[in-house]
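Thanks for sending this one over. Here are my comments as numbered points, to be read with the structure open beside them.

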Amino acid sequence: MATSRFAEVQQGAPIEVFAVSKAFSDSTHQKKVNLSVGAYRTDEGKPWVLPVVRKVEVELAADTSLNHEYLPILGFDAFSTAAAKMLLGASHPVIAEGKVTAVQTLSGTGGLRIAADFLGHVLKYNTVYYSTPTWGSVEEDS
C-alpha cells in the first residue's frame, strides 16, 4: 500500500476555545457553566436560537426574490452601511462626511484576517498585538 502524501503532516496544537468546549462537554459536574463559545444555551446545554432568528429564517426561505447571486466584493452595502451607523451612531459626523467604509466579512476571525492583510500590505504596519491565548487562526509569523 502506498504511503499517503500527508503521512508526515503533524497535527496542529488544539485551539483553546474548542478544548474548553470539549472539557465542558466531558465534565460530569452538576453545576458546570460553559464559558467557551459565545452562544445562548438551554438549561440542557443545547444551542438556543432566538425566536426572531427562527422567524427570519422562515421569511427568508419563503422569499422568492432572493437569487443567491454572489455579493459585491465589499459585501451587501445596505448591511455594511447599517452596521457602521449602528456602531458609530447615525448622526456621527464621519458618517455624514462620508469618511466611513465598512466591509462585510465571513465571521469575526475572517474580518480580523482582512483587517490584518490591509494593515500589513496596504498601510505597511508590521506590528500587531493580540492576546495569549488567542484563536488558532492567528499565526505569530503572519
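Does K99 count as buried or exposed? At 61% relative accessibility, K99 counts as exposed. With that settled, here are the points in turn.

1. **Confidence.** Please keep in mind throughout that this is a predicted model. The chain has a mean pLDDT of 84, and 92% of its residues reach 70 or more. Within the chain, helix 2 (residues 51-62) has the highest confidence, at 95. The lowest is in helix 1 (residues 16-26), where the mean is 82.

2. **Salt bridges as a group.** Side chains of opposite charge can pair when their charged atoms come close. The count for this model comes to 5 salt bridges. One of them involves the lysine from the opening question: K99 pairs with E97, and their closest N and O atoms are 3.1 Å apart.

3. **The pair in helix 2.** E59 and K55 also meet through their side chains in a salt bridge, at 4.0 Å from N to O. A salt bridge requires the nitrogen to be within 4 Å of a carboxyl oxygen, so do look at this pair yourself. Because E59 and K55 are 4 residues apart in helix 2, about one helical turn separates them. K55 counts as exposed at 52% relative accessibility, while E59 is partly exposed at 45%.

4. **The pair in helix 5.** Helix 5 (residues 107-122) holds both D117 and R113, again 4 residues apart, or about one turn of the helix. An α-helix has 3.6 residues a turn, so residues three or four places apart point the same way. D117 and R113 form a salt bridge whose closest N and O atoms are 3.2 Å apart. D117 is partly exposed, with a relative accessible area of 29%.

5. **Aromatic rings.** How many aromatic pairs does a search of the whole structure find? The search finds 1. The pair is made by Y40 and W48, whose ring centres are 6.1 Å apart and whose planes stand at 90°, so it is edge-to-face. Y40 is exposed, with a relative accessible area of 54%, and W48 is partly exposed, at 41%.

6. **A charge over a ring.** If you are looking at ring interactions, include F24 as well: K32 lies over the face of its ring, 4.4 Å from the ring centre.

7. **S21 in helix 1.** S21 has its place in helix 1. Its relative accessible area is 16%; buried means under 20%, so S21 is buried. Apart from neighbours within four places in sequence, S21 is in contact with S36 and V37. From S21 to V33 the separation is 12 residues in sequence and 10 Å in space, C-alpha to C-alpha.

8. G89 follows helix 3 and has a positive phi, near 100°. Inside helix 3 lies S80, which counts as buried at 4% relative accessibility. Leaving out neighbours within four places in sequence, the contacts of S80 are L74, A102, V103 and Q104.

Notes
Residues numbered from 1 in each chain as written. Predicted model: local features only at pLDDT ≥ 70, side-chain atom pairs only at ≥ 80, totals over all residues. Heavy atoms only, no water. Phe/Tyr/Trp six-rings, centres within 6.5 Å; stacked < 30°, edge-to-face > 60°. Buried < 20%, exposed > 50% of the residue type's maximum accessible area, 1.4 Å probe, protein only. Lys NZ or Arg CZ within 6 Å of the ring centre and 35° of its normal. pLDDT = per-residue confidence, 0-100. Helix = DSSP H or I, 4+ residues; strand = E, 2+ residues; numbered from the N terminus. Contact = heavy atoms within 4.5 Å.
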